[in-house]
Amino acid sequence: MAISAATKAATDALAVNRAPTSVNAQEVHRWLQSFTWEFDKNRSKYPTKYKMANDTKEQFKLIAKEYARMESVKDERQFGSLQDVLTRVDAANKVHPKWNETMKVISNFLEVGEYNAIAATGMLWDSASAPEQKNGYLAQTLDEIRHTNQCGYVNYYFTKHGQDAAGHNDARRTRTIGPLWKGMKRVFSDGFISGDAVECSINLQLVGEACFTNPLIVAVTEWAAANGDEITPTVFLSIETDELRHMANGYQTIVSIANDEAASKYLNTDLNNAFWTQQKYFTPVLGMAFEYGSHFKVEPWVKTWNRWVYEDWGGIWIGRLGKYGVESPASLRDAKKDAYWAHHDLFLLAYALWPTGFFRLTLPTQEEMDWFEENYPGWYEHYGKILEEWKARGCEDPSSGFIPLMWFIENNHPIYIDRVSQVPFCPDLCKGASTLRVHEYNGKKHTFSDDWGERMWLTEPERYECQNMFEQYAGRELSEVIAELHGVRSDGKTLIAQPHTDKDGKMWTLDDIKALNCVFSDPVDAL
Amino acid sequence: MGIQIETGQRGLTDPELQKVIADAVPDKPLETNRKMNYFVKPRGRRLSEYEILCCYTQPTPDWIPGGLDWGDWTQKFHGGRPSWGNETTELHSTDWHKHRDPAKRWHAIYVKDKAEEWRYTQRFLKQYSADGQIRTMDPVWRDEILNDYLGAFCFSEYGLFNSHSSATRDCLGDTLRMSIAMIGFDKVDNAQMIQLERTFLAKLVPNFPESTAEPKKEWTEGAIYKGARETVQDIWQATYDWNEILWAGHQIYDAIFGQFVRREFFLRLSSYYGDSLTPFFINQMQLYHSQTKGITGDMFFHCLGDDAEFGDYNRRLMRAWTDKWLPRTVNALKDFMGIFAKIPEIEHVTTKDAIEKALYRVFDDWVEDYADKIGYKVDVKAMVETVSSGLK
């Protein structure tokens with residue numbers, strides 16, 4: 001077969017070209033945008049009311065193999081630290097017991113968020129039309145697998161080496177029992193994957209990652225380190241190095257729709273809903289985890305929240321997107337009120353329902369009560385007195401026959417679940433912004449605690465019709481529920497959850513709970 | 001010792017803080033069961049680290065078989081469609097959490113392997129260029145076959161890669177989701193390796209066209225990849241059932257068309273044309289194919305085909321899907337036969353006798369590794385004849 005003159009010339013030139021050379025990742029990546037082609041059926045399987053531009057670029061230009069190299073280097077450092085020096089110094093047993101319990105929750109709940117983000121970014125990879133934009137989401141898909149495994153590794157590490165493996169060792173099964181679970185699913189699971197693809201990106205990347213990963217993944221490392229935990233910072237800071245790319249993905253989502261008319265119509269409403277959805281859970285839960293789940297305190301949660309949520313995110317980050325028509329969410333103002341009191345409100349309810357947890361909770365010591373009053377003036381008069389009353393009635397001691405849930409019933413303080421956020425609230429007792437509202441729909445009563453969630457419900461009730469724990473457990477006796485959902489330790493009788501972390505304190509058993517004859521009811525029935 | 005710490009104080013290293021902590025830590029562990037995920041049924045004798053880190057990470061309600069959670073989804077799609085639902089696939093399972101990657105790769109293991117391949121690739125390319133091995137490559141093979149047709153195969157791999165996006169979103173189990181994302185990632189890696197090879201050739205060979213324009217034209221307008229292109233497009237965008245996407249892509253199209261193009265064309269023939277470069281990349285792709293085969297084999301044969309309750313039904317549906325996708329794949333391969341007219345002929349290598357042997361190898365492998373496992377009856381001779389009728 002004859003060869004062309006050009007081919008012959010090229011071949012002849014090879015004789016002198018023997019310089020060692022290779023190809024770097026950027027030299028491949030620059031062709032990526034041309035990898036796709038037009039065809040009739042080429043469209044996303046997840047419709048969005050926005051139009052994502054065909055030429056959107058990504059900020060971090062990775063190819064598959066370079067991605068793997070980068071992550072592998074980070075893994076070597078992280079797992080090297082964990083398996084070598086931290087194990088040799090017995091680090092897991094030098095963590096304050098209160099914080100050991102807090103990490104049962106934080107690590108597992110973050111794992112759920114990371115896991116669902118695998119699916120969320122799969123949807124975005126499908127929705128984007130530009131290959132570079134797909135590539136950015138794809139790297140995040142792999143990152144989220146990494147983070148899922150890393151969060152699991154924290155529980156795994158504490159299980160293997162720590163002071164109380166119960167809860168760490170079966171969090172994926174026992175996490176479903178208590179009052180914090182369904183709300184966590186709303187923000188970290190379904191909120192990322194169920195809806196308009198761009199709306200999900202706003203939930204995941206623009207709010208979840210750009211706003212709440214700072215307090216969730218960075219601030220938590222400061223609280224962990226203060227309380228003797230160097231395991232969590234080793235893992236979480238490695239996770240955070242990937243989060244920067246995820247925030248950039250969220251930014252690029254907005255860039256990709258900036259020229260679409262729909263953006264000016266819908267974007268700020270979607271952002272506001274996403275922010276309120278995320279903050280409604282994270283503001284109280286993170287505040288509670290840090291302040292009530294630690295011995296040593298870093299700073300009041302309200303300050304952390306103000307710095308990272310209100311100023312850095314609501315001001316600077318959203319400000320940068322201002323040129324694309326993005327405005328600071330209207331609900332930010334109301335969220336600021338929650339940042340002060342909502343975590344204290346939630347602690348009362350979480351402690352009242354402690355037997356349904358997969359961790360041990362602790363009442364504040366006198367020193368901690370002083371700290372709360374100093375940082376949240378008025379705290380003692382409202383919360384401190386209630387907690388003192390519970391302690392005086394022996395709520396930590398199994399022989400007392402008293403759990404604080406009984407106090408709520410005795411004093412006619414019904415606990416409701418907000419249907420949209422699935423966050424519990426007690427309108428009689430809360431100092432945060434929650435107030436009771438009730439709507440009937442599909443033959444059932446639904447309770448709500450705030451304007452923004454109520455508005456989401458009224459717009460699309462079919463999206464939030466999920467039963468809550470009181471409806472699920474109504475008529476069931478508490479110890480039966482705990483046993484059925486595996487909330488006991490390996491001796492088959494002692495609860496995983498306990499109302500104290502006192503090493504000399506007695507542990508509650510299923511029999512102790514059974515003796516209370518505590519039967520669940522749905523407070524909505526009385527409305 | 002107060003409870004408010006100063007900036008930078010760490011409980012592990014600050015003696016005063018550590019004393020308070022040590023006093024609070026129990027004298028002996030409170031729980032004796034130190035095995036995480038002890039409730040998970042291991043695939044092997046013992047629960048592996050892969051199973052510990054991956055199993056039941058997904059919060060699945062119990063009405064999706066295998067789930068540990070209860071209740072409904074807390075937020076649904078507009079109109080009320082669930083976050084994940086049994087209706088996203090026609091296949092049934094008694095446990096969507098049963099799948100395991102036979103290689104037990106969680107993320108760290110997966111990226112470690114690929115990072116090693118990347119480092120070795122860069123060392124290999126430096127050695128290849130310094131050794132001047134490019135001088136032995138047949139110029140027609142290099143400038144026409146590798147440039148146009150290996151370049152065009154990049155789009156086949158890229159299209160298959162994209163077919164994993166909705167499967168990654170919609171599938172119903174955690175180990176499934178991680179496996180699907182990883183085998184999809186391998187496909188984009190294949191596409192990028194093809195462009196990497198072309199970029200490398202452009203550095204070594206004056207005027208070798210690095211641009212993707214010519215290969216894309218071949219892929220979108222040429223006759224050789226016409227059937228392949230149409231099949232890939234439909235797997236990627238016209239198929240919604242996530243199991244059907246994986247079945248069509250991996251168990252039919254890639255197991256037949258992909259295997260012929262990679263193994264029986266580029267890998268087998270490259271040495272005859274003095275090309276020691278392409279096998280380096282194709283063999284990485286073949287490694288990924290082999291790992292993917294392990295994964296999809298576990299999904300479809302072990303978990304779904306052998307499901308105690310739905311196995312018979314599932315195998316019947318897989319046979320129906322095969323009826324749908326096999327003729328299209330055979331047709332794609334028939335179109336591909338046109339490529340043999342483009343290369344310098346080598347007796348018993350690129351002639352009909354050798355091509356038919358290659359086709360038999362691919363189809364016989366497919367029957368043994370895929371069709372037999374679902375009881376699918378097929379006439380290999382007829383398929384080989386159909387394909388070879390495409391030879392010019």
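This is a predicted model: local features need pLDDT of at least 70, side-chain atom pairs count only at pLDDT 80 or more; totals for chains, interfaces and linings use all residues.
Local features need pLDDT of at least 70 and side-chain atom pairs count only at pLDDT 80 or more, while totals for chains, interfaces and linings use all residues. Residues are numbered from 1 along each chain as its sequence is written, and chains are lettered from A and ligands numbered from 1 in the order in which they are written.

**Confidence**
- The predictor gives the complex an ipTM of 0.98 and a pTM of 0.97.
- Chain B has a mean pLDDT of 97 (pLDDT is the predictor's confidence in each residue, from 0 to 100).
- In chain B, 100% of the residues reach 70 or more.

**Chain B**
- Chain B has 13 helices and zero strands (DSSP runs, of at least four residues in H or I for helices and at least two in E for strands, numbered from the N terminus).
- Its C-alpha trace spans about 85 × 55 × 45 Å along the principal axes.
- Of its 392 residues, 52% count as buried (20 or more other C-beta atoms within 10 Å of the residue's own; 12 or fewer is exposed, in between is partly exposed, and C-beta atoms are placed from the backbone).
- Take contacts in chain B between residues at least 6 apart in sequence: 74% join residues at least 24 apart (contact means C-beta atoms, placed from the backbone, within 7 Å).

**Where the chains meet**
- Chain A puts 108 residues in contact with 103 residues of chain B.
- Helix H5 (residues 131–161) of chain A gives the largest share of chain A's side, 13 residues.
- That side of chain A divides into 43 nonpolar, 32 polar and 33 charged residues (Ala, Val, Leu, Ile, Met, Phe, Trp, Tyr, Cys and Pro are nonpolar, Asp, Glu, Lys and Arg charged, and the others, Gly among them, polar).

**A helix pair in chain A**
- The axes of H11 (residues 301–320) and H12 (residues 332–352) of chain A come within 9 Å and cross at roughly 165° (axes are lines fitted to C-alpha atoms, for helices over the stretch in contact, and angles run from 0 to 180 degrees between N-to-C directions).
- H11(A) is therefore roughly antiparallel to H12(A) (under 35 degrees is roughly parallel, over 145 roughly antiparallel, 65 to 115 roughly perpendicular and the rest oblique).
- Residues making the contact include Trp301(A) and Tyr310(A) of H11(A), and Ala339(A) and His343(A) of H12(A).
- By class, this contact has seven nonpolar, three polar and one charged residues.

**Phe358(A)**
- Phe358(A) sits in the loop between H12 and helix H13 (366–375) of chain A.
- Phe358(A) is buried, with 29 other C-beta atoms within 10 Å.
- Phe358(A) and Ala166(A) are 192 residues apart in sequence and 7.7 Å apart in space, C-alpha to C-alpha.
- Leaving aside neighbours within four places in sequence, the contacts of Phe358(A) include Lys104(A), Gly167(A), Gly487(A) and Ile496(A).

Terms used:
Two residues are in contact if their C-beta atoms, placed from the backbone, lie within 7 Å.
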